[in-house]
Amino acid sequence: MELGEKIRFRRTEQNLTQQQLAERVFVTRQTISKWELNKSEPDPITLKLLEQTLQTELVEQKDFRSEKGEKISMKKIINLVYILLFGLFFLPFRITGTLIIKYWNKPIVKLVLVPLFMTIYLFYLYSLKVHVFYMFVVITIVFYLLTTLYFLSDSKKEI
């Protein structure tokens, strides 16, 4: 069964008109008609919303096999790619943080680099989803408090 046929079948099964379905997935009725006639296909985000609305999986997940013969779903591969990209994205932040700690006593670090670093970090946080943003804010506050306590205890030892 093709994608358009699946959409039409599930829509009629749930007694929805094309207009009602279109309103639920934030597209036009003509777009639903094109999908059902297989003239076009929904983008991945709309497809996910369509699957949630129709309460079915319209596109089967492709499975890959590992060297041991175990199934590896496409979602796992995508998650692995995201983790690697996330790690590579934060590598410059880690290097910058290490350099800031190394040269902390220089005025340019305190007056220019730290505010610049924090601005970039905040812009990144702003681009995240709301619940992820709150999680990062909490982690940042905890990290700040822990590092502050560490530096305070370290400076007391020097006295």
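Buried means under 20% relative accessible area, exposed means over 50%, and partly exposed lies in between. The exercises below use these cut-offs on a predicted model.

**Exercise 1. Classify Asn38, Lys39, Phe26 and Arg11 as buried, partly exposed or exposed.**

Solution. 
- Step 1. Asn38 has a relative accessible area of 34%, so Asn38 is partly exposed.
- Step 2. Lys39 stands at 65% relative accessibility and therefore counts as exposed.
- Step 3. Phe26 has a relative accessible area of 71%, so Phe26 is exposed too.
- Step 4. Arg11 is at 10% relative accessibility, so Arg11 counts as buried.

**Exercise 2. Find the residue just after H2 that has a positive phi, and say where it lies.**

Solution. 
- Step 1. Go to the end of H2. Just after this helix, Phe26 takes a positive phi of about 65 degrees.
- Step 2. Check the residue type. Phe26 is not a glycine.
- Step 3. Locate the residue. Phe26 is in the loop between H2 and H3.

**Exercise 3. Which residues of helix H2 are buried, and why do they line one face?**

Solution. 
- Step 1. H2 covers residues 18–25, and its buried residues are Gln18, Leu21, Ala22 and Val25.
- Step 2. Look down the axis of H2. The buried residues fall within an arc of 100 degrees, so they line one face of the helix.
- Step 3. Recall the helix geometry. An α-helix has 3.6 residues a turn, so residues three or four places apart point the same way.
- Step 4. Ask what the buried residues of H2 pack against. Their partners are helix H1 (3–13), helix H3 (29–36) and helix H4 (44–54).

**Exercise 4. Describe how H2 and H3 meet.**

Solution. 
- Step 1. Take the geometry. The angle between H2 and H3 is about 105 degrees, and their axes are 8 Å apart.
- Step 2. Name the arrangement. Angles from 65 to 115 degrees count as roughly perpendicular, and H2 and H3 are therefore roughly perpendicular to each other.
- Step 3. List the residues. From H2 come Gln18, Gln19, Leu21, Ala22 and Val25; from H3 come Arg29, Ile32, Ser33, Trp35 and Glu36.
- Step 4. Sort them by type. The contact has five nonpolar, three polar and two charged residues.

**Exercise 5. Find the contacts of Arg11 beyond its neighbours within four places in sequence.**

Solution. 
- Step 1. Arg11 lies in helix H1.
- Step 2. With those neighbours left aside, Arg11 is in contact with Leu16, Thr17, Gln18, Leu21, Glu36 and Leu54.
- Step 3. Compare with Exercise 4. Gln18 and Leu21 are among the buried residues of H2.

How values were computed:
Residues are numbered from 1 along each chain as its sequence is written. This is a predicted model: local features need pLDDT of at least 70, side-chain atom pairs count only at pLDDT 80 or more; totals for chains, interfaces and linings use all residues. Side-chain values use heavy atoms; hydrogens and water are left out. Buried means under 20% relative accessible area, exposed over 50%, partly exposed in between (1.4 Å probe, protein chains only). Helices (H or I, at least four residues) and strands (E, at least two) are DSSP runs, numbered from the N terminus. The arc is that of the directions from the helix axis to the C-beta atoms. Contact means heavy atoms within 4.5 Å. Axes are lines fitted to C-alpha atoms, for helices over the stretch in contact, and angles run from 0 to 180 degrees between N-to-C directions. Angles under 35 degrees count as roughly parallel, over 145 as roughly antiparallel, 65 to 115 as roughly perpendicular and the rest as oblique. Ala, Val, Leu, Ile, Met, Phe, Trp, Tyr, Cys and Pro count as nonpolar, Asp, Glu, Lys and Arg as charged, and the others, Gly among them, as polar.
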